[in-house]
Amino acid sequence: MDLHVHIGRSSDGKTVKRGTSKELTFANIAYEARFRKGINVIGVVDCVSPWIIKDIEDLLKRGELEELPEGGMIYRDDLVILLGSEIETREKGGCHAHSLVFFPYLWQVKEFSRIMEGHMPNLAENSTMSRLSGQQLFDIADSLGGFYMPAHAFTPYKSFYGNCTHSLHTVFGESSFAKIPAVELGLSADTYMASLLSELDGKAFTSNSDAHSLLRIGREYNVMRLAALNYGEVLKALKCQNGREIVANYGLDPKLGKYHRTFCLQCNEITELPPPVLQCPNDPRHRVVVGVRDRIEVIKDRHDSPADVNGRPDEKASTARRPPYHYQVPLNFLPGVGPRTIDKLIQAFGTEMNILHRVVPEDLAKVVPQSIVDLIVKGREGRLAIAHGGGGIYGKVLE
Ligand SMILES: [Zn+2]
Ligand SMILES: [Zn+2]
């Protein structure tokens with residue numbers, strides 16, 4: 001499951017989210033997710049836009065999508081699409097944060113869109129920006145029967161922990177906080193980093209791609225134990241109810257994330273010093289973008305993560321066990337692996353997830369040079385040398 005995928009464009013080419021690729025149509029997303037990435041549940045997060053709603057209605061009319069009684073839309077038998085939206089809110093002090101809201105049925109999405117029209121300055125062409133606070137957005141989603149999840153919760157721009165607060169309790173009332181089932185980690189954080197905040201102990205961690213192009217769908221995803229594919233089951237898994245649960249997270253090594261470490265905008269440099277680095281080591285007057293790793297170091301209230309790097313619970317920790325977080329290095333991060341090589345591999349082995357996690361090296365070697373096989377295997381074992389990212393620049397796999 002990948003719960004954070006942008007459509008960005010309506011089927012007739014209108015832009016609803018800037019910076020998204022033209023190829024991100026409903027049909028293309030579904031094909032990429034299901035057949036090239038091997039994903040069964042995707043959350044589409046631009047559904048507040050009336051143009052996207054119209055597209056969904058057309059697909060329903062043509063019989064390509066079908067609404068499930070337990071919520072969610074099914075596409076060709078085994079891909080479930082959850083209808084949601086990513087919305088930017090403004091908190092006290094003027095900081096901005098992104099959140100994801102999801103609804104089981106289309107009528108709720110339509111109602112949500114109608115309500116949000118009064119709270120978004122330019123809903124048609126910018127399906128994200130609102131004038132609401134996080135609490136107000138929560139109240140709207142909750143009153144319509146949806147669920148609410150803070151997005152990429154630690155990134156320096158546009159997230160609650162990144163630039164608004166050290167605690168979600170300052171943003172949400174007690175009963176609202178209790179109803180938030182999960183928090184999205186974002187590309188620059190993982191379970192071990194986020195577990196350093198004890199207030200998140202009761203929340204599931206989700207790892208999602210925030211894809212703005214087809215290639216990036218599934219660069220992070222969640223493996224869940226469900227009894228069936230539908231919205232109701234996903235929500236149970238997030239709440240860890242009736243044996244439904246997230247079994248594992250798969251995501252980038254956070255060092256590869258764009259905001260992992262602090263970056264000086266004047267020196268154009270990602271810090272190499274031990275965290276937390278909150279100012280430029282060359283000149284404290286320089287403006288910096290504080291890294292996720294550095295930020296967590298400042299706001300954490302635990303010294304050690306309750307899980308070790310393989311997801312095994314630390315025996316000394318008193319907190320609940322977390323599912324393992326497996327690092328994966330997507331093929332397009334590997335030096336020397338271009339779109340043509342990726343196509344060749346997918347033709348031979350089905351999906352990217354097969355290639356990254358399952359195909360034995362001997363079989364990979366029949367399709368690509370040994371140097372690439374070695375990189376894939378090292379990626380599986382977490383042995384790649386990585387220069388960490390920061391300030392909007394992805395980390396890099398070193399050759
Ligand atoms: Zn997003
Ligand atoms: Zn500097």
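**Hairpins of β5**

I began with the hairpin that β4 and β5 form, which has three residues between the strands. In its turn I found Arg76 with a positive phi of about 50°. The model I am reading is a predicted one. Strand β4 covers residues 73–75 and pairs with β5 in the antiparallel sense, over three bridges. I looked up one pair here: the bridge partner of Tyr75 is Leu79 in β5.

I then followed β5 to its other hairpin, the one with β6, where five residues lie between the strands. Gly93 takes a positive phi near 90° in this hairpin. Strand β6 is residues 96–103, and eight bridges join β5 to β6 in an antiparallel run. Glu86 stands opposite Leu100 in β6.

**A parallel partner**

In which sense do β2 and β5 pair, parallel or antiparallel? I noted the parallel sense, with four bridges between β5 and strand β2, residues 41–44. Gly43 stands opposite Leu82 in β5.

**Burial and cores**

I checked how covered β5 is, and 10 of its 12 residues are buried. Next I looked at the largest nonpolar core, which has 85 residues. The members that touch the most others are Ile29, Ile81, Leu82, Leu83 and Val234. Which strand gives the most to this core? I found that β5, residues 79–90, gives the most, with six residues.

I listed the contacts of Val234, leaving out residues up to four places away in sequence: Met1, Val41, Leu82, Met224 and Leu226. Apart from this core lies another, of 17 residues, including Leu256 and Val368.

**Loop between α8 and β11**

I looked up Cys240, which sits in the loop between α8 (231–239) and β11 (245–251). Cys240 is not a glycine, yet its phi is positive, about 60°. I noted this since most residues other than glycine have a negative phi. Asn242 is in the loop between α8 and β11 too, and its phi is also positive, near 50°.

Are these residues buried or exposed? Cys240 has 17 C-beta neighbours inside 10 Å, so I count Cys240 as partly exposed. Asn242 has 10 other C-beta atoms within 10 Å, so Asn242 is exposed.

**A three-stranded sheet**

I traced an open sheet of three strands in the order β13-β12-β14, with antiparallel pairing. Its edge strands are β13 (269–270) and β14 (288–289), each pairing on one side only. Strand β12, residues 263–264, pairs with β14 over two bridges, and Phe263 stands opposite Val289 in β14.

The loop between β13 and β14 holds Pro276. I found a cis peptide bond joining Pro275 and Pro276, with omega about 0°. I recorded it because most peptide bonds are trans.

**Helix α9**

Which residues of α9 are buried? In this helix, residues 292–299, I listed Val292, Arg293, Asp294, Arg295 and Ile296. The buried residues of α9 pack against α5 (160–164) and α7 (191–194).

**The whole protein**

Last, I noted the overall numbers. The protein has 13 helices and 17 strands. Its radius of gyration is 21 Å, close to the 21 Å that the globule rule gives for 399 residues, so the protein is as compact as a globular protein of that length. The C-alpha trace spans about 55 × 50 × 45 Å along its principal axes. Of the 399 residues, 47% count as buried. Among contacts with a separation of 6 or more, 64% are between residues 24 or more positions apart.

Methods:
Residues are numbered from 1 along each chain as its sequence is written. Chains are lettered from A and ligands numbered from 1 in the order in which they are written. This is a predicted model: local features need pLDDT of at least 70, side-chain atom pairs count only at pLDDT 80 or more; totals for chains, interfaces and linings use all residues. The radius of gyration is taken over C-alpha atoms; the globule rule is 2.2 Å times the number of residues to the power 0.38. A residue is buried if 20 or more other C-beta atoms lie within 10 Å of its own, exposed if 12 or fewer, and partly exposed in between; C-beta atoms are placed from the backbone. Two residues are in contact if their C-beta atoms, placed from the backbone, lie within 7 Å. Two strands pair if DSSP finds at least two bridges between them. A nonpolar core is a set of buried Ala, Val, Leu, Ile, Met, Phe, Trp, Tyr and Cys residues joined through C-beta atoms within 7 Å.
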